[in-house]
Amino acid sequence: MSGCNAQAIIDAQLDLTIEQVRERMQPYTARVAELQRRYAMKRGVLLQALWLIQEEFGWVPRIGIKWAAEVSDVSPVHAYGVAEFYTMYRKAPMGRFLIQVCEGMCCQLKGANDLIAHLEQALGIHAGDTTEDGLFTVLRVQCLAACGNGPSVLINDEFLYGPGELNEHQEGWSPSAADLDRWIERLRKEAEAKPQPDKVDSLGDIMLDTKGHPGSDGASGAPLPKDYAPPPPALKVKAESQGSAITVSCLCAPEITEASVERSTDGGTTWAAIGTIDVVKTPGVPGPPGGPKTPSYTDEIAVGSTAAYRIVAREAEREARPSAVAEVTAAAVSDDGEEGGKA
Amino acid sequence: MTAACTVLSDLFAVENGHTLEVARKHGAYETVGPMLFDKSQFELIEWVLDSGLRGRGGAGFPTGLKWRTVPRKMGKPVYLVINADEGEPGTFKDRFCMEKDPHKLIEGMIIAGFALNVRTAYIYVRGEMLPQIRRLNEALKECYAAGLLGENIQGSRYSLDIYVHRGAGAYICGEETALINSLEGYKGQPRLKPPFPTVSGAFANPTCVNNVETIMALPWILKNGPQAYRQWGTERSPGTKLFSISGDIGKPGVYEIPLGMPMLEFFDLAGGVDGELLGCIPGGSSAPVLNKEECETCTMDYEALGALKSMLGSGAVMPFNTTRDPVRILEPIAHFYAHESCGQCTPCREGTGYADRVFQRIVAGEGRAGDVDMFFDLAANFEWTTICPLATADAWAIKSFVSKFREHFDKYIDASSRKADERELADLRPGGFM
Amino acid sequence: MSDEKITITVDGVEHQVTPGVQLIEALKECAVDTPHFCYHPDLSIAGNCRMCLVEAEGPRGPALMISCHMRVMPGLKVNTDASSERVRKARQGVMEFLLVNHPLDCPICDKAGECTLQENYMEAGRHESRLEDAVGKVYKGAPDFRFTDTKGQDRGGKNVDLGDTISLDQERCILCSRCVRFMREVAGDEQLYIAGRGDTAYLTTFPGDKLKHDYDLCTTDICPVGALTGKHFRFQQRVWFLKKTESIAPDDSLGANITVEHNKDRVWRLMPRRNVDVNKSWIHNDTRLLYQGLAENRLTTALVDGSVATLSAGYQAAAAAVKKANKVALVASGHLTLEDNQALVALAEALGDKAEVFGGSWLPVAEGDGIARSGDPVANRRSCELLGIADNLDQLTARSEEFDCLVVMGNDLWGAAAAKAAALESIAARIVLSSWHDDSVAKATVAIGVRCWAEVRGVFINCQDRAQLLNACPVCPAHEMDPPWQALCRLSGLAADRPLPYAGELDALKAAGQRHESLRGLSYRAIGPSGVALVPAAEAAEASA
């Protein structure tokens, strides 16, 4: 992380063995087990495991990265590379109150630089440093997605975007230098009253008893049944006449294997199947091909007569409900080849 | 906010609208029942396509088309991943949504999940949003308790689990393949495409990544039908969109407006521009800046902004007035991209930082004649030469600012003590090694 | 596999290329070299260096694409730097970005002369620098190795002790990730990773851990710059002075293809030589370091009863012993060439009934590692088998009483299993042909120095029945020494009064062709630098019939 002295990072490393870290991480067992259930492969846990380390230690020591690698089933160097990639994992201990101020374009427009300068002066440190009493660290950060309340300020993990408590949002409110002074005062008092800070759940209080990703270690979730959803009916049925020839077309789901065309000549009271449309899979492509299919069927009726058509699609054994109805009157083709009636 | 236009924002002003109890009073989860379970997946996908809903994360890709490419029936797990890694400078709508109405997101996820054969879904929330993560987890717990999530939702045969995944600070994870890498426990670096994530995404399984706002539009569309959604917006940009407006504006905040609204009308809606308008960034820092004339003529939709060679992006609008120096607006933007480059592709990794350093010298009053052109040329060299569009976004910002506000940049050179410095290296050693 | 080619257009000219390959490979087929860093044919595609950009015609007009990731399709239209200004400019841009933060180490860098960065700069770089010193560089390095130099500049990781074999310069690294992919995909042991991000990203092991793998030196081969360098070769030679001879690894029956690099009568390093059918681009560290023992402890003379003698005196003494003997055991060697073993068999025939050929080895055979080793240290075992030489060393020890003369060539029986070989010490005359003062030489009554594997030409047949060629480097410490086959010819002339009719290795190779159908018709030209798969005997017989 920028602003962190390389030597400080090395000096800060804990003299703990991996066994000691495992011991300290015992209270996290339930959350780790839950996380391991949630992903197809354990490595999905890695980012969350690093958060747990930060929750326990207040930062991410290298020996903690080894623990995170263990529970995520990745190589230690992989976990190290990942921990170094993300800016929120702290490479060295920081103050009890981390004040992050956005230096993005919107917040600069709203005076972020002045606010940071004020903080630096009020606390007697440069951005990136920690006060001597170990209480405050100030960081310049990139966009915090609270531009409407710029300059955005985060105190530890909580947003300062309203005049009241943290996280209490007020549209259009902007923190001023005086607001920050007030908060610094308040946090100092809080630290006096409570020398040991409470741990903040870094994963935001996740559920601990989900059934997990089907097939993962420790998971009991059942996979979806193949046919949980109704079979897809044909959509956008159209019947168009070209003289006595009627072309019935529709849009079918890729999983449709067969569709039968039904005709009614009594305005939809009785229906008779008149044929099937081959909705074959594209040869050589396993499973349903990506896009939907647009099969069509040609029928003959007497010129001047009216018929209604609908399509009943089938997905293997399952029959979908009939499609919407398309009605057409077979119009005589005029000499100049003008189109006939349309549904 | 106009009263007629509350596809997404109906609960934003309702007290405790984030709780299941209040949300249900306002119609939440009405779709999770026969309205959804009696529909086939294909119908749902085609409905979304017909509604014309487009991805609200930035690229504006038609959601229905993306869904069509998901191989639902291959027997592999399909994942739905919600992109809540909101970090595009100027954008704060998704944070707002998760905070004010998490249940609309969950309801939308149930609909999308049902349509795409999803058993396991993730919400990838950027690490800085812990309060919003808490709120989501709270909402999820309420849903599990009410039988709206988990196995056999509301007695149906459909089961869905939703997990929140906390990011850890990397803008680039908003790019969908980087987000998938981050979800999988890798560095958040974009992947080469093809294969596209809808075919081979998280853990090599089909993965559909959608933005928070996109998914939140689904309950309304399912209830009211795709054609009703088209009552707003334009032919190719139908519907409504959330805009985050900040900068020199009377009432910054999140507004839901129909797409296609003239930009100036939107400014008026948001309390009017403070001072005299000089220009506006229309879609987050990645969107090329517009000058005043362009602002006056353009409407807020994908096509109109595209025609101006800018973009709607994430809907982050940042107008600025004539008291501002565009050079100083570009400064944090150029720095931002250099800071957020994932470090994978050469042009972005080395180029964004190099351009930033050259720019810093200009801003510091130490630029040489020709440095602005060089700055522009460096940006051109990392435009479209990388895996993902991060460097391209930086290039667009740089190129648009320099070309539209050139005189402001030249002022810095004119005032520079070193403007007449020769390009000594090149002159002394033509053909020399760098 | 289909031989059908597809047509693509490169710079306006149509070419026929193999379907489905990466564009960068297809361009090679069209004789267009594309500069690149991260692409490696034996690793997965990373696509991060962006050097191989070309302009490809797409649905939305020509677009810049990387040729390593793109697959060729029929009708593809591509413009390279030869015809597209846009490609030239893009590549110049990439080169500029690569050099912006690269330290100016070239004069002291071991990679200079074979550095891809230098080569591609000459090829595609922007030759007028516009980098201003004042803009500064961002030097890459782990926190643990950062330092402030004498000019007060914050510097990255220099000369980092990465492991027993490799030194890492983090500043020089261009983050192509080849080494990371090698360790993950080929070695199967992820020990390297790129940590951090943006221009401060750096290559590292887990802090405090050392890189340790039997193949880790391969990362120095694929490193396109001077970031990873093998300690064994650092500052030994400037690479442009090295001459190269193509050869085969003599320590394993897979027969990894190697290049012997030598200068001034000395081998300085062994490098892997790519052969997709054999070792891909990899060799085992032990193979690579074989050269270190090559010139040491050489037997360049003869030893008669332990005393140094001239080579001709050695031949005389050996011939006398053979001539005098009633029963001679000749031991072939899977460590020597097909030609050498052919000569041994021919010598046995010349000696008639009193000679018997034995073969095999007591060296333990291990499991293959799936990379570039089969695990069998007897590299040319298949040659012996095809020549009809049995694996019967144990018979020899059981029947050692029957023999009064033993001829062992290039097969250190005592070194492999001294206890078993002890039985052979009852044989009165023990003649050993060897390149080194090995344990067998110590037990010999007559020892004769011969040329070693790097100094001879000949054929090895690997465990996949592939004939591969060793070539002779001019590094022999004593020019009067013979290759083993020639030594045997000489011995035959003296001991059986019938010199073998081989004027050169090729004659021995041809003679071997008479012994086995699969070997028929082999020639050095046919084998070539990449070897040739032997036709199975049945098919060969059919074809000749």
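Predicted model: local features only at pLDDT ≥ 70, side-chain atom pairs only at ≥ 80, totals over all residues.

Modeller: Asp209(C) and Lys66(A) join their side chains in a salt bridge, 3.7 Å from N to O. A salt bridge here is a side-chain nitrogen of Lys or Arg within 4 Å of a carboxyl oxygen of Asp or Glu. Side chains of opposite charge can pair when their charged atoms come close. Residues are numbered from 1 along each chain as its sequence is written, and chains are lettered from A and ligands numbered from 1 in the order in which they are written.

Between chain C and chain A there are two salt bridges. Five residue pairs, both residues at pLDDT 80 or more, are in polar contact across the interface of chain C and chain A. A polar contact is a pair of N or O atoms within 3.5 Å; within protein, one must be able to donate a hydrogen and the other to accept it, and residues adjacent in sequence count only if both atoms are side-chain atoms. On the side of chain C that touches chain A, the elements giving two or more residues are β10 (193-195) and β11 (202-204) of chain C. Helices (H or I, at least four residues) and strands (E, at least two) are DSSP runs, numbered from the N terminus. With three residues, β10(C) gives the most to that side of chain C. Sorted by class, the side of chain C that touches chain A has eight nonpolar, four polar and five charged residues. Ala, Val, Leu, Ile, Met, Phe, Trp, Tyr, Cys and Pro count as nonpolar, Asp, Glu, Lys and Arg as charged, and the others, Gly among them, as polar.

The contact (heavy atoms within 4.5 Å) takes 17 residues from chain C and 16 residues from chain A. Chain C and chain A bury about 1400 Å² between them, and carbon and sulfur atoms give 66% of it. Of the area that chain C buries against chain A, 42% comes from Tyr193(C), Arg197(C) and Phe206(C), more than from any other three residues. Buried area is the accessible area (1.4 Å probe) that two parts lose on being put together, summed over both.

Now to chain A and chain B. Their contact takes 84 residues from chain A and 94 residues from chain B. The two chains bury about 7000 Å² between them, 58% of it on carbon and sulfur atoms.

Ten salt bridges cross the interface of chain A and chain B. One salt bridge joins the side chains of Lys141(B) and Asp205(A), at 3.1 Å from N to O. The count of residue pairs in polar contact between chain A and chain B is 39, with both residues at pLDDT 80 or more. Elements that give two or more residues to the side of chain A that touches chain B include α3 (29-38), α4 (46-57) and β5 (235-242) of chain A. That side of chain A divides into 45 nonpolar, 22 polar and 17 charged residues.

Over all chains, the structure holds 104 salt bridges. Arg134(B) and Glu158(A) meet through their side chains in a salt bridge of 2.7 Å, N to O. Arg134(B) is in helix α7 (residues 130-145) of chain B and Glu158(A) in strand β4 of chain A, so this pair joins two chains.

Parts of one chain can also be in contact. Chain B is divided into domain 1 (2-229), domain 2 (240-321) and domain 3 (326-418), with bounds that come from an automatic or database domain assignment. The C-alpha centres of domain 1 and domain 3 of chain B lie 36 Å apart. In this pair of domains, twelve residues of domain 1 of chain B are in contact with ten residues of domain 3 of chain B. About 840 Å² is buried between domain 1 and domain 3 of chain B, 70% of it on carbon and sulfur atoms. Tyr171(B), Gln189(B) and Pro190(B) supply 53% of the area that domain 1 of chain B buries against domain 3 of chain B, more than any other three residues.

Note on methods: Heavy atoms only, no water.
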